[in-house]
Amino acid sequence: MVARLVIAAPSSGSGKTTVATGLMAAFAAAGLAVSPHKVGPDYIDPGYHALATGRPGRNLDAYLCGPELIEPLFAHGSAGCDLAVIEGVMGMYDGAAGQGELASTAHVAKLLRAPVVLVVDASSQSRSVAALVHGFASWDPEVRVAGVILNKVGSDRHEVLLREALEESGVPVLGALRRAPQVRAPSRHLGLVPVAERRAEAVESVAALASQVRDGCDLGALLALARGAPSLPGEVWDPATGLGASPASPSSSSNSPKLSMSREGPPRRAGSPPAGPKGQRPVVAVAGGAAFTFSYAEHAELLAAAGAEVVPFDPLHDEELPEGTAGLVIGGGFPEVYAPELSANEPLRKAVAELAASGAPVAAECAGLLYLSRELDGKPMCGVLDARARMSQRLTLGYREAVAVSDSVLAAAGTRMRGHEFHRTVVEPGAGAAAAWGLHAPERRVEGFVQGNVHASYLHTHWAARPDIARRFVESCTP
């Protein structure tokens, strides 16, 4: 049994990340092994969680992975820890649009049978805070709102008024935090600036958050609350076991897409033997560094379990791909911020283009799609795809239901998948002669590129929902 808390809020901007990260750092500094988690698809907050705890930040997304995988993935990530802190997403009851409670913080809290601590922005209210908390605590009787942390409290007098009001609600106040501009992390068009781009400053910010939370919150009461959570008797997710099982449905609802395991082998380079236990483990290079910070921890674990040697590299600084690279994975991030530097690294751009031309499997998501294009905001990129990318004023954001349009190194045509789009860029054309995905909502369209053994798309996916993706990719590598 892992002690656990869900940190929720009435709305975005209330201070969930501040409180959750501060709690993680404070408990870790006290000597506890803390497991950090984030509800939803967000990649950026888990970077701060990892900095606070020294452990990989992990996502719990009931839309991408299905409700049935939330408990197993949580058990996998929190194994051996003393405490798990789970940061919510948006407002506590906000989930996938049009899907009821699916993928909301409240939904995940119920799946994990975890107590909820509500973070309230108290900056513009006093007695009304009691009505707000009462409404959230009573809305769904299956959600246990067990405490409140007041954020952005203006003064001692303000705190007294808030506490007096909440005495009538029956929900205890477990902390009160003053306004503290010095602990705020900078933001830009897609949220917080990732840790990898400001590591020294981020370390200072997380330390300041830990100090603020330690001074303003009752850590003993919070820990006791977390330890009161019931045991979770379900299975623990394991990447090796997942590779041997049929993929999980991404939703338990009756109208969710049905997934089927493809028995067809992935495209393979002519004359190349399959990867296997008798051969050398194929090297799969995974892009990282400040420009490519978006990746779910389970992806690398699945690739390794499928037989790959996973080797990270930094396209901003490394002029060569890792020695023996047989496959390449380029996830999401902010290449638009680093377009001049990525373009200036001509030796690596050339190496990526040559690898793709050789028939090696390449999987690129969002930022990876931009990097494989001919140019990004006028700066030359790898030129693998006959497409041009640029920044846009329009934010594209939301969950997607998708079907693979073409056979690729990731999936056979017809494979159904759930994903997430999150970008403020445009690629022209939006799809190649062989598109990657057909999307069904919010409008029907095809997008992405399948070109030889290259799969490039804006769609972020979580491979734990389809572990056969990792196996198919590794099997297409040369050992």
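Biologist: How many salt bridges does a search of the whole structure find?

Modeller: The search finds 18 salt bridges in the whole structure. A salt bridge here is a side-chain nitrogen of Lys or Arg within 4 Å of a carboxyl oxygen of Asp or Glu. The model is predicted, with local features needing pLDDT of at least 70 and side-chain atom pairs counting only at pLDDT 80 or more, while totals for chains, interfaces and linings use all residues. Residues are numbered from 1 along each chain as its sequence is written, and side-chain values use heavy atoms, with hydrogens and water left out.

One of these bridges joins the side chains of Glu159 and Arg163, at 2.9 Å from N to O. Both residues sit in helix H6 (residues 156-166), four residues apart, or about one turn of the helix. Helices (H or I, at least four residues) and strands (E, at least two) are DSSP runs numbered from the N terminus. Glu159 is buried at 17% relative accessibility, whereas Arg163 is partly exposed at 32%. Buried means under 20% relative accessible area, exposed over 50%, and partly exposed in between, with a 1.4 Å probe and protein chains only. The two residues also belong to a salt-bridge network that links Asp156, Glu159, Arg163 and Arg178.

Two further bridges involve strands. Glu428 pairs with Arg390, their closest N and O atoms being 3.0 Å apart. This pair links distant parts of the chain, with Glu428 in strand S17 (residues 416-428) and Arg390 in strand S16 (residues 388-404), 38 residues apart. Glu428 is partly exposed at 43%, and Arg390 is partly exposed at 37%. Glu401 forms a salt bridge with Arg418, with 3.0 Å between the closest N and O atoms. Glu401 is in strand S16 and Arg418 in strand S17, so this pair ties together parts that are 17 residues apart in sequence. Glu401 is partly exposed at 21%, but Arg418 is buried at 2%.

Next, the nonpolar residues. A nonpolar core is a set of buried Ala, Val, Leu, Ile, Met, Phe, Trp, Tyr and Cys residues joined through side-chain atoms within 4.5 Å. The largest core has 113 residues, and those with the most contacts inside it include Leu23, Phe27 and Leu222. Helix H1 (residues 16-29) gives the most to this core, seven residues. Leaving out residues up to four places away in sequence, Leu222 touches Leu5, Leu23, Phe27, Val117, Ile149, Leu174 and Cys217; contact means heavy atoms within 4.5 Å. Helix H1 also holds Thr21, which is buried at 1% relative accessible area.
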